[in-house]
Amino acid sequence: MALAGDVLSNSLYYSLAGTGKDAWWRGAILGATAGAGAVLLPGPLGLGEEPSNRTTKTQAMTVGYYLLGGLVAAAIGYAISNERD
């Protein structure tokens with residue numbers, strides 16, 4: 001159930017990137033924001049900082065992976081909008 005909830009919530013979140021040329025900016029902003037949240041929020045929320053804050057490299061990779069996810073969502077949205085034209 002947790003995995004299904006995670007997949008569903010991430011799908012809904014990244015779908016906000018939308019379609020068209022602006023999807024790249026929206027995807028990048030969504031990804032960077034999610035990455036920053038993954039690094040900054042676990043401690044204050046009481047979830048433990050170990051997984052995402054182990055080292056500076058871990059923090060950078062965490063933000064990078066979320067940014068990549070946002071850009072992939074944007075690429076898909078952009079491709080879908082071009083197929084319609």
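Q: Where is tyrosine 65 found?
A: In this predicted model, tyrosine 65 is part of helix H4, which covers residues 56–84.

Q: Is tyrosine 65 buried or exposed?
A: Tyrosine 65 counts as exposed, because its relative accessibility is 58% and the cut-off for that class is over 50%.

Q: Which residues form the nonpolar patch on the surface?
A: The patch consists of Met61, Tyr65, Leu68, Val72, Ile76 and Ile80. Together they have about 580 Å² of accessible area.

Q: What is alanine 34 in contact with, leaving aside neighbours within four places in sequence?
A: Alanine 34 is in contact with Tyr13, Tyr14 and Tyr66.

Q: How many aromatic pairs does the structure hold?
A: There are two aromatic pairs. One of them joins tyrosine 13 and tyrosine 14 in an edge-to-face arrangement, at 5.2 Å centre to centre and 80 degrees between the planes. Tyrosine 13 is partly exposed at 26% relative accessible area, whereas tyrosine 14 is buried at 13%.

Q: And why is the pair of tryptophan 24 and tyrosine 78 tilted?
A: The ring planes of tryptophan 24 and tyrosine 78 stand at 50 degrees, with the centres 6.0 Å apart, so the pair is tilted.

Q: Which parts does the pair tie together?
A: Tryptophan 24 lies in helix H2 (residues 23–40) and tyrosine 78 in helix H4, so the pair ties together parts 54 residues apart in sequence. Tryptophan 24 is partly exposed at 37% relative accessible area, and tyrosine 78 is partly exposed at 28%.

Methods:
Residues numbered from 1 in each chain as written. Predicted model: local features only at pLDDT ≥ 70, side-chain atom pairs only at ≥ 80, totals over all residues. Heavy atoms only, no water. Patch = residues over 30% accessible without salt bridge, like charges linked within 9 Å, V, L, I, M, F, W, Y side chains within 5 Å. Areas by Shrake-Rupley, 256 points an atom, 1.4 Å probe, with all protein chains shown as cover. Salt bridge = Lys/Arg side-chain N within 4 Å of Asp/Glu carboxyl O. Helix = DSSP H or I, 4+ residues; strand = E, 2+ residues; numbered from the N terminus. Buried < 20%, exposed > 50% of the residue type's maximum accessible area, 1.4 Å probe, protein only. Contact = heavy atoms within 4.5 Å. Phe/Tyr/Trp six-rings, centres within 6.5 Å; stacked < 30°, edge-to-face > 60°.
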